[in-house]
Amino acid sequence: GARAAGIMDLRVAGIVISFVASVAGCVVPFVWPWRASTLIPVKMFSAGVICSLALVHILNEAAVQLDKVTEYPLAGTCALAGLLLMMVSEHSSASVCHHHGEPHSP
């Protein structure tokens with residue numbers, strides 16, 4: 001009925017808004033004159049959004065499915081291991097990039 005049509009309209013609007021925001025997020029870095037110092041908070045915010053979406057939407061479903069297989073909280077363990085791996089890889093890549101950005105001494 002009318003309620004189903006209203007829900008479908010909200011879903012379509014959500015898809016359109018997500019698409020426009022994604023396109024804007026991809027295009028803005030190319031057309032806006034960014035400096036490296038202003039890009040760091042943007043990277044941190046976007047990483048936080050991705051991690052929070054994964055934790056809120058995916059972790060619960062994974063925990064329900066994995067509880068059927070094992071009693072050990074495997075979903076939470078995998079999530080923490082993934083966050084640790086992400087942090088270590090970001091730290092190591094930042095240190096490598098920072099090291100290569102320094103002028104070499106003769």
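The protein chain exposes about 9,200 Å². Carbon and sulfur atoms supply 74% of that area. The model is predicted. Buried residues make up 2% of the 106 residues in the chain.

**Fold**

The chain has three helices and zero strands. From the N terminus on, the elements run α-α-α.

**Nonpolar surface patch**

Which residues form a nonpolar patch on the surface? Met 8, Val 12, Val 16, Phe 19, Val 20, Val 23, Val 27, Val 28, Phe 30, Val 31 and Trp 32 do. Together they have about 1,100 Å² of accessible area. Met 8 sits in helix H1. Its relative accessibility is 48%, so Met 8 counts as partly exposed. The cut-offs behind that label are under 20% for buried and over 50% for exposed.

**Pockets**

Rolling a probe the size of a water molecule over the atoms shows where empty space is left.

The largest pocket holds about 450 Å³ of space. It is lined by 13 residues. Closest to its centre are Ile 40, Lys 43, Met 44, Ala 47 and Glu 90. Helix H2 (36-67) and helix H3 (74-101) are the elements that give two or more residues to this lining. Which element supplies the largest share of the lining of the largest pocket? H2 does, with eight residues. By type, the lining of the largest pocket divides into 10 nonpolar residues, one polar and two charged.

The second largest pocket has a volume of about 370 Å³. Its lining comprises 11 residues. Ala 21, Gly 25, Pro 29, Val 42 and Ser 46 are the closest to its centre. Helix H1 (2-31) and H2 each give two or more residues to the lining of this pocket. That lining divides into eight nonpolar residues, two polar and one charged.

| Pocket | Volume | Lining by type |
|---|---|---|
| Largest pocket | about 450 Å³ | 10 nonpolar, one polar, two charged |
| Second largest pocket | about 370 Å³ | eight nonpolar, two polar, one charged |

Conventions
Residues are numbered from 1 along each chain as its sequence is written. This is a predicted model: local features need pLDDT of at least 70, side-chain atom pairs count only at pLDDT 80 or more; totals for chains, interfaces and linings use all residues. Side-chain values use heavy atoms; hydrogens and water are left out. On a 1 Å grid over the protein atoms alone, a cavity is a set of points where a 1.4 Å probe fits but cannot get out, and a pocket is an open set with protein on both sides within 12 Å along at least five of seven lines; lining residues have an atom within 4 Å of a point. Grid points are joined across faces, edges and corners, and a volume is the space filled by probe spheres set on the points. Helices (H or I, at least four residues) and strands (E, at least two) are DSSP runs, numbered from the N terminus. Ala, Val, Leu, Ile, Met, Phe, Trp, Tyr, Cys and Pro count as nonpolar, Asp, Glu, Lys and Arg as charged, and the others, Gly among them, as polar. Patches are made of residues with over 30% relative accessible area and no salt bridge: like charges are joined within 9 Å, nonpolar side chains (Val, Leu, Ile, Met, Phe, Trp, Tyr) within 5 Å. Accessible areas come from the Shrake-Rupley method with a 1.4 Å probe; for residues, only the protein chains shown count as cover. A salt bridge is a side-chain nitrogen of Lys or Arg within 4 Å of a carboxyl oxygen of Asp or Glu. Buried means under 20% relative accessible area, exposed over 50%, partly exposed in between (1.4 Å probe, protein chains only).
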